[in-house]
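Please consult the sequence and the model alongside the text.

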Amino acid sequence: MRSQLGRLTLAALVATALWGPATAQEITPLAPPDMSRYLRWGPFRVRPGIQIPALGYDSNVFYRSTGNEVGDYFVAIAPTINGVVLFGHRAFLTFDERLEFYAYATEHALNYFNQFGQARVTVPFRRWGVYADLGYNRTRDRPIDAQDIRPIRIDAPFGAGAIVKFGWRTDAEFGFTRGRYTAYDPDEKCDPSVTPGCLTIAQLNDRTETGLRVLARYLAFGRTRIVLTAVDHRISFDEEAVERNGRERRILPGLDFGIGGRVFGNFHVGYARFDLSRAGATDFSGVVGDAAVGYRLGGLGSYLSLQGGRDVRYSVLESADLFTYSNGTLTLVKYFNRFLGMEAGAGHGTLRFLGDSSGRVDVLDQGTLGIRLRLSENDIGRRVEYAFRYVLTRRNSTIDSLDQTRGTIGFGLSYGY
C-alpha cells in the first residue's frame, strides 16, 4: 500500500478528476471506448496530462515521531496518459500509464519515482471475445504498515480469459489471473550475520498469486449496472521459512452508476476469506469493500464526494502476517464562478495488525483545505487548473513511538485530461 503522502496526493488528483466531464460508459467490454474523447497521435488515440500535485514544504519528510521531525521543500510531478489502439475492425488495446516523481531540495537521498501501468488487449467476435491483461507497477512509497522503510516493490499482474455477452443488458468475464510480487530494500536492516533468523523484505514479500476470476455485469437501468466479482487465489511465497502461503477467496457484489449524471460513482461491498497454511496463524474472514460516490452541485463543476473502503493485505512486518485497513474521506469542492473555487476534505482510517502480540492499532486522520483557480476547460475534458492547499495528517498508534504529525503546504497544477 502507498504512503500517506502518496495517498493524499492521489486523493487530490482523484478529486480533481471527479468534477471533470466523465467518459461515456461502455455498453459492452467487447467494444472500444468513445473515440471522440481522444486525441489522435498516428495509430494511437490518447488522453495525455501532467499534474504537479504539490510544490511546497513537508514538515516531516522522514515520517518520524513527534518531536523528531525534519522538514524540507519538495516537488511532486506526475505525467499520465491513457489511450486506445485499434487493430483492424475488431481487436483493440486500451492502456493507462502514470509516473510519479518526488524530489527534495536538501534531502536528496529521499528522491524517488513510482510507475503504474496496465493494458488490456480485447479480440471481440459477435457475442463473445477473448482478452489479456498486463500490468507493471514499481513503487517506492513508504508502506502504510511500516513507514520507517522505503522498499522498492514491483507488481506484475497478468490475466487472460473470455468475455461473453448473454444479452444487451448482461455480460460476464471468465479468466485466469497470475500476479508476481517482488521487493527489495536498498537500506535493508536485516543482516542474518548480525541478527540470526531475521527475515529480509524480499523474504517477507516475494510471492506468486494464481487463481480464477469472474466478473458479471447487468445493466439495470439508465447507466446503472449491478456487478458481481468473485476471485479465488492461491498464494505461494518464494521463501518457505516465512510460512505465509495461503488462499484468498472473495465475492464482491455492488453497483456502478450514474457516469455523466448528477449522482455518480461505484459501491461494492462483500465478503473475503484469507486462510494461511501455517498452523496457529491468524486468518481473516469478514466484510471488505470499496466506494467512491459523488454528487454534482450545480453546473460549475462543484461536487461532494465520499471515498472509502475496507481491505486485508499482507504486511511487510514479521510481527503480523496480515493487516486490515479501513478508511473514509469526505471531500467538498465548490466553485463560486467559472474560475475560482475552494476545496475542503476530512479523512479517517484505521490499521489493525492481525496476530500482532502487542495488539497494535494505528489511527490515521487527515484534513485538507485549499483554493482552486480554473483557467480553462473544454468539452472533451482538457483543462488547466492551479491549486493552493494545506494537508495535515496525524498517526496515533497504540505503540507511542510510532505517533507522528505531518503537514504539507504548496501549489498544485493540473494540465491535460
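Two residues are in contact when heavy atoms lie within 4.5 Å. The model is predicted, so local features need pLDDT of at least 70 and side-chain atom pairs count only at pLDDT 80 or more, while totals for chains, interfaces and linings use all residues. Residues are numbered from 1 along each chain as its sequence is written, and side-chain values use heavy atoms, with hydrogens and water left out.

**Overall form**
- Of the contacts between residues at least 6 apart in sequence, 59% join residues at least 24 apart.
- The protein has two helices and 19 strands, taken as DSSP runs (helices H or I, at least four residues; strands E, at least two) numbered from the N terminus.
- The radius of gyration is 22 Å, close to the 22 Å that the globule rule gives for 417 residues, so the protein is as compact as a globular protein of that length; the radius is taken over C-alpha atoms, and the rule is 2.2 Å times the number of residues to the power 0.38.
- The C-alpha trace spans about 60 × 50 × 35 Å along its principal axes.

**Burial**
- Buried residues account for 47% of the 417 residues, buried meaning under 20% relative accessible area (1.4 Å probe, protein chains only).

- Strands pair if DSSP finds at least two bridges between them.
- β8 (residues 170-184) runs antiparallel to β9 (residues 207-221), joined by 12 bridges; alanine 172 has alanine 216 in β9 as its bridge partner.
- β9 also pairs with β10 (residues 224-237) in the antiparallel sense, over 14 bridges, and valine 214 stands opposite alanine 230 in β10.
- Two residues lie between the strands in the β9 and β10 hairpin, where glycine 222 takes a positive phi near 50°.

Terms used. Buried < 20%, exposed > 50% of the residue type's maximum accessible area, 1.4 Å probe, protein only.
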